[in-house]
Structure formats: C-alpha cells, structure tokens
Amino acid sequence: MRAFSYVSAPDVATAVRAVSETPNAKFLGGGTNLVDLMRENIEHPDVLVDVSRLPLNGVEELPDGGLRIGATVRNSALAAHPLVRTRYPVVSQAVLNGASAQLRNMATVGGNLLQRTRCLYFYDTASPCNKREPGSGCAALGGFTRDAGILGVSERCVATHPSDLCVALVALGAVVEVESTRGTRRIPLTDLHRLPADTPQRETVLERDELITAVELPPVPAAANSRYRKVRDRASYAFALVSVAAALRLDGDTITEARLALGGIAPKPWRANEAEHVLTGARATEETFDRAAAAELDRAQAVGDNAFKIELTRRTIVATLRELTHEGSRP
Amino acid sequence: MAELRVRVNGADHLLDIPPQVSLLDALREHLGLTGTKKGCDQGACGACTVLADGERINACLALAVQYADREITTIEGIDHPIQEAFVRHDGFQCGYCTSGQICSAIGMLAEHKDGMPSAVTGEPSAEGEELTDEEIRERMSGNLCRCGAYHGIVEAIGEVAR
C-alpha cells in the first residue's frame with residue numbers, strides 16, 4: 001500500500017474542511033472497501049481523514065414517525081436496532097444478508113452507500129477498466145459477465161452496485177444528508193448514484209469534499225410488511241446475483257401501497273418504478289406480479305453470459321411479492 | 001511518524017509505525033503475535049479475526065491507527081471452553097483458520113446473547129431462541145475453512161452455546 005497521512009477528525013466541520021483543503025484527500029469510514037482498494041493500488045489517496053468516530057452514531061425517531069440514521073452507525077447496530085426491525089424489517093434483513101458479521105461490525109452506513117460500484121475486472125489491475133482508467137476500455141465486455149448488470153449499464157461499464165442496504169433504503173425513499181464547507185444538502189438516495197453512461201469513473205453526484213452525515217427514512221406504512229430476498233451463488237457471504245427489496249400494503253386483496261427495488265442487476269440501487277406503477281391499486285395476484293416484473297424488465301438486456309439474470313429477476317420479484325401477500329393478509 | 005499506543009490482550013504497547021500498517025501486520029510483524037493469521041488479506045476469509053472491545057473484526061482491513069484506543073484480544077489472550085470443544089469435535093485439520101474461528105465464535109456467542117439477529121433469524125419476537133446449527137452456519141459464514149472442517153466447527157460451537 002502506498003504511503004499516506006492520516007488525520008482523525010473530531011467533528012464534522014473539521015473533517016469536511018480537511019478534505020476540502022487537501023488535494024487527493026479522502027474520507028475514511030470503516031475501511032472495509034477503501035482499505036482493500038488501497039492495498040490493491042486501485043485507490044491511492046495522499047491523506048485519509050478518519051470520520052468513523054464522529055458522533056453520528058445514533059438512530060433517532062423523527063416527529064413524523066420516520067427514522068434518522070447517523071452516518072457512522074455500524075451496519076450491525078443498524079440491523080439490530082428495535083425500531084428498524086419492527087418498522088422497516090427489509091432494512092435489517094438487507095444488512096444481515098450482506099458481507100460477514102466481522103465486516104458488518106466495522107462498516108458504517110455512510111460507507112456502505114459509497115462503496116465502489118465494481119466488477120472482477122475493476123479489481124484486476126492487469127485488465128483495462130474505464131472506471132479505473134477512463135478511456136482504457138472494458139475487459140468485462142467479451143469476458144466473464146456473470147455479475148454484470150442487465151439494466152442501466154453502458155458500453156463503457158457493466159458493473160453493478162454491490163450494496164444490499166442501499167436496495168432496501170431506495171425502496172423506502174430514503175434521503176441522504178450531505179455536509180460540506182458550502183453547507184448542507186439533502187439528496188434522495190435514488191439520485192445519489194449515477195448511471196455510468198460515458199463517465200463510469202463518476203459513481204455518485206457527490207463532490208470530493210462532501211460528507212454523508214445521515215440517512216433519513218420517511219414513514220412508510222407498507223414497510224411493516226416488507227422483505228429482502230437475495231439470490232446468490234452460495235448460501236451466505238456472497239454478492240447478490242439478484243436481490244429484491246419489497247414492501248406491500250394490502251386492503252383485502254387490493255395493493256394500496258407498493259415499494260420495490262432491485263439489487264445485483266444495475267450500476268445503482270434500482271428503484272422499480274415501472275413495477276410499482278403496475279402494482280399500486282391492482283389486485284394482489286400472480287398475474288399482477290408477473291405484469292409488474294415484465295414492465296420493469298422490459299428494457300433489460302443481457303451482457304454476454306448473464307441472460308439468466310433476466311428470468312431470475314422476474315422470478316425473484318414474483319416470489320417476494322407472493323410471500324408478502326400471504327404474510328400481509330394474515331389477521 | 002507518531003508513536004501509536006495499542007492495547008492488546010491487556011497490555012499497552014507503543015508502536016512506531018506508519019498509518020498504512022494494518023492491525024493484522026501490527027500484531028504479527030511488530031508485536032510478534034503470530035497466532036492471528038493472514039489468509040486472503042482482503043476481508044474474504046476471516047483467518048485474521050480478532051476482537052475489538054469484544055466485537056469481532058477482520059484485522060486485515062483495519063488500519064492499526066483506527067483501533068488505537070480499543071481493547072484488542074487475539075488468540076494469545078484467549079482462554080475459553082470453545083478451544084477444548086474444537087479439539088473434542090475435530091473443528092480443524094491444518095489449523096490455519098482456527099484462531100480466527102475461535103475469536104469469531106466468541107464474538108458471535110456474545111452477539112447472539114445480546115439479541116443480534118442473523119439473516120436466518122425470524123421476526124423480533126423469536127429472540128432468545130436456541131442457537132441452531134443453521135444459525136451457527138449463517139453467523140460464522142465470514143470464516144472459511146479450506147480443509148472443510150465445518151461439521152466439527154458447528155458441533156463445537158453448538159456444544160458451548162447449549
């Protein structure tokens with residue numbers, strides 16, 4: 001790993017000033033992604049500003065019934081929080097389906113949102129990668145694409161965003177609070193990550209010196225009946241081939257509120273707006289679920305050998321909605 | 001280079017190391033505590049698992065400087081019934097992953113006791129349930145064993161848990 005200098009920030013103002021004033025400085029959270037990338041010589045900051053111990057580690061109830069989650073809350077603490085487990089079970093389940101217990105104890109919520117969108121070739125410095133070296137080409141095209149996306153990818157990059165937590169948060173309409181020397185701004189999570197298009201090296205709309213300080217969840221009545229379903233190559237501790245975060249509110253057999261997002265298939269946590277549109281107000285039947293999945297996957301395209309993901313996504317959406325219908329209609 | 005104070009197995013040490021040194025390398029190369037193993041060095045195998053204030057972490061992805069004020073426990077500082085249970089149940093073959101498995105198991109038992117759910121745990125009301133083999137396998141999935149001693153590992157942990 002290349003040499004760098006390290007600063008531990010006592011408060012948010014000091015942290016954002018330090019990164020703002022120092023070229024090639026980066027914020028350091030739990031380190032589970034950034035330290036790994038630095039060791040592989042993919043990231044090489046000159047200065048790390050440690051924000052992992054900032055006093056942003058609370059989960060607070062908001063007056064409207066929503067939740068405010070501090071950016072340095074550890075992933076494990078978020079998953080175990082009683083309000084998260086009862087009001088937003090999909091969030092707890094998503095966290096617990098990601099990484100390992102060791103990594104969840106280290107990783108922060110802010111860092112989870114900002115882990116790099118990546119594929120095997122991004123990590124392989126012997127291969128070209130438009131994300132690592134803009135303009136150098138994409139080794140995944142024509143290569144191993146089992147983990148590549150089927151929605152939102154471009155000819156420059158087909159990597160997927162690996163977060164499980166983000167899929168649940170984006171389904172629930174989470175808002176990210178960001179701090180910099182220019183003040184505070186609030187960004188809907190669905191707008192935080194960019195699609196790759198011609199600039200896959202730019203993964204989010206954040207400026208280099210902007211620090212995520214909190215994530216807010218609005219009150220979502222449907223969230224009490226929510227679920228995260230992850231399909232992967234082994235039973236635990238693997239990235240998603242496909243994952244579905246879903247929440248359904250039912251009145252009899254009519255869907256009054258639907259939330260749906262997909263993971264493992266796109267360069268960003270993918271809010272399934274088309275599917276939600278079909279579901280809302282419709283009867284909770286197998287036929288409706290099929291139509292919803294088909295609407296979302298209408299523009300899905302296989303990249304090399306990942307065509308199986310289109311059918312797998314369809315089936316996983318339908319299975320998750322079916323499960324929520326049976327549970328949601330319980331007395 | 002500033003001196004770094006680290007607390008390991010109840011003793012304080014002053015280390016003159018740059019910030020890129022991982023907690024794992026600080027333990028092994030600078031303190032001579034080679035019981036903690038380096039497997040993948042990228043957070044995938046769990047061989048480097050140690051406890052920080054009782055919580056299990058991967059020492060390979062931890063910068064030592066980030067853990068300066070934490071109480072670190074390595075296999076050298078552990079005297080726990082799980083160790084004999086691993087011997088009784090053949091919870092290892094080559095032994096390379098074992099110190100990580102032991103530290104991870106101790107952290108896991110504490111998490112379970114504190115009500116930490118896992119991906120296979122049901123609704124919050126199901127808390128306090130027995131640590132089933134399915135739960136143990138899920139909760140220990142961050143520790144790989146290339147010899148495949150998983151059956152013995154699950155039995156050993158299950159015996160101590162129950």
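**A walk through chains A and B**

Let's start in chain A, where β9, β10, β11 and β12 make up an open four-stranded sheet in the order β9-β10-β11-β12, with antiparallel pairing. Two strands count as paired if DSSP finds at least two bridges between them, and the strands and helices themselves are DSSP runs (E, at least two residues, for strands; H or I, at least four residues, for helices), numbered from the N terminus. Before going on, please note that this is a predicted model, in which local features need pLDDT of at least 70 and side-chain atom pairs count only at pLDDT 80 or more, while totals for chains, interfaces and linings use all residues. Residues are numbered from 1 along each chain as its sequence is written, with chains lettered from A and ligands numbered from 1 in the order in which they are written.

β12(A) is joined to β11 (residues 254-263) of chain A by two bridges in the antiparallel sense, and A261(A) sits opposite R271(A) of β12(A). As background, the strands of a sheet pair through backbone hydrogen bonds, either parallel or antiparallel. Helix α5 (residues 89-96) of chain A lies across β9 and β10 (242-251) of chain A, and runs at about 20 degrees to β9(A). Such angles run from 0 to 180 degrees between N-to-C directions, with axes being lines fitted to C-alpha atoms, for helices over the stretch in contact.

On the scale of domains, chain A is divided into domain 1 (5-52) and domain 2 (222-328); the bounds come from an automatic or database domain assignment. The centres of these two domains of chain A, taken over C-alpha atoms, are separated by 36 Å.

Chain B also has two assigned domains, domain 1 (3-77) and domain 2 (81-161). Here 22 Å separate the centres of domain 1 and domain 2 of chain B, again taken over C-alpha atoms. Their contact involves 14 residues from domain 1 of chain B and 14 residues from domain 2 of chain B, where two residues are in contact if their C-beta atoms, placed from the backbone, lie within 7 Å. On the domain 1 side of this contact in chain B, β3 (49-52) and β4 (55-58) each supply at least two residues, and β3(B) gives the largest share, three residues. By class, that side of domain 1 of chain B has six nonpolar, five polar and three charged residues. (Ala, Val, Leu, Ile, Met, Phe, Trp, Tyr, Cys and Pro count as nonpolar, Asp, Glu, Lys and Arg as charged, and the others, Gly among them, as polar.)

β3(B) and β4(B) run antiparallel and are joined by four bridges, with T49(B) opposite N58(B) of β4(B). They form a hairpin with two residues between them, and D53(B) in the turn has a positive phi of about 50 degrees. β3(B) also pairs with β5 (residues 71-73) of chain B, in the antiparallel sense over two bridges; L51(B) stands opposite T73(B) of β5(B).

Next come the helices of chain B. The axes of α2 (residues 81-88) and α5 (residues 150-161) of chain B come within 8 Å and cross at roughly 140 degrees. α2(B) and α5(B) are therefore oblique to each other: angles under 35 degrees count as roughly parallel, over 145 as roughly antiparallel, 65 to 115 as roughly perpendicular and the rest as oblique. The contact draws on P81(B), I82(B), A85(B), F86(B) and R88(B) of α2(B), and on A156(B), I157(B), E159(B) and V160(B) of α5(B). It has seven nonpolar, no polar and two charged residues.

α2(B) also packs against α3(B), at an angle of about 130 degrees and with the axes 10 Å apart, so α2(B) and α3(B) are oblique to each other. I82(B), Q83(B) and F86(B) of α2(B) meet T98(B), I102(B), A105(B) and I106(B) of α3(B), a contact with five nonpolar, two polar and no charged residues.

Finally, the two chains come together in a contact that takes 30 residues from chain B and 30 residues from chain A. On the chain B side, β4, α3 (98-113) and α4 (133-139) each supply at least two residues, and β4(B) gives the most, with four. The residues on that side of chain B divide into twelve nonpolar, twelve polar and six charged.
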